[in-house]
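Please read the following note beside the sequence and the structure.

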Amino acid sequence: MIEEAIKKLILLLRGRVPEPIDTERITDEKEHELAVLLNRLFSFVHEIHGFILPLSKGKLEEAAFPPPKNFLASPFKELHSHLQHLTWQAKQIAKGDYSQRVDFMGDFSDAFNFMITSLDNNEKALKTKIGQLEEALSHIAKLEGILPICANCKRIRIEGADPKDQNSWIAIESYIGDRTNARFSHSICPKCMKQLYLNLIP
């Protein structure tokens, strides 16, 4: 039995889970006790393998929990719990909750928390920029289409108004001022200055 136990332990150390030892044929009491303990160890390792394989692939819901008596699986159970909580936190962050922090995974915690802070800062900066753009757009009004303008006095006809009615024609300053935030100041260009004040210009 000792030789069989040694072979099975070698298999275990090589990463393979050996088949249990047949305890029915062992007559020596101490050897029987040893075989029972080894079988329990093999069973624990088998349960752990079944648990951590889906865990290693990120399939948290598929991981079959080892029974409570399997104390060797305790660290993996704790890891599973942490990963489930981390998954929940990631979903909360995706919804915009940047208050989430991780403090149970060493270096990963630092990287994860830095990522959250960066996302938060980037979103705040983006919201600020959007606010600035919206404010800028609120000051911009567009004039589009064809404007009917008098070739002589440069008055513009109100859209849909009777072209024969003089009241349908308004000064270009009024037309643009009513439709935009633009304001006008008046002056006279050099050409008009000569035409209007020919006798006053040397």
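1. The expected span of a helix is 1.5 Å multiplied by one less than its number of residues. In this predicted model, helix 3 covers residues 74-94, which is 21 residues. The distance from its first C-alpha to its last is 30 Å, close to the expected 30 Å.

2. Which residues of helix 3 are buried? They are Lys77, His80, Leu86, Gln89, Gln92 and Ile93. Their cover includes helix 2 (29-56) and helix 4 (107-138). After helix 3 comes Gly96, which has a positive phi near 100°.

3. A positive phi of about 70° is also found at Lys154, although this residue is not a glycine. Lys154 belongs to the loop between helix 4 and strand 1 (156-157). Its relative accessibility is 43%, so Lys154 counts as partly exposed, the class between the cut-offs of 20% and 50%.

4. Ile2, Ile6, Ile10 and Leu34 form a nonpolar surface patch of about 310 Å². Helix 1 (residues 2-13) supplies the largest share of this patch, with three residues. Ile10 is located in helix 1, and it counts as partly exposed because its relative accessibility is 37%.

5. How confident is the prediction, and where is confidence lowest and highest? The mean pLDDT of the protein is 86, and 96% of its residues reach 70 or more. Confidence is lowest in helix 6 (residues 190-196), with a mean of 83, and highest in strand 2 (residues 169-170), at 92.

Definitions and conventions
Residues are numbered from 1 along each chain as its sequence is written. This is a predicted model: local features need pLDDT of at least 70, side-chain atom pairs count only at pLDDT 80 or more; totals for chains, interfaces and linings use all residues. Side-chain values use heavy atoms; hydrogens and water are left out. Helices (H or I, at least four residues) and strands (E, at least two) are DSSP runs, numbered from the N terminus. Buried means under 20% relative accessible area, exposed over 50%, partly exposed in between (1.4 Å probe, protein chains only). Contact means heavy atoms within 4.5 Å. pLDDT is the predictor's confidence in each residue, from 0 to 100. Patches are made of residues with over 30% relative accessible area and no salt bridge: like charges are joined within 9 Å, nonpolar side chains (Val, Leu, Ile, Met, Phe, Trp, Tyr) within 5 Å. Accessible areas come from the Shrake-Rupley method with a 1.4 Å probe; for residues, only the protein chains shown count as cover. A salt bridge is a side-chain nitrogen of Lys or Arg within 4 Å of a carboxyl oxygen of Asp or Glu.
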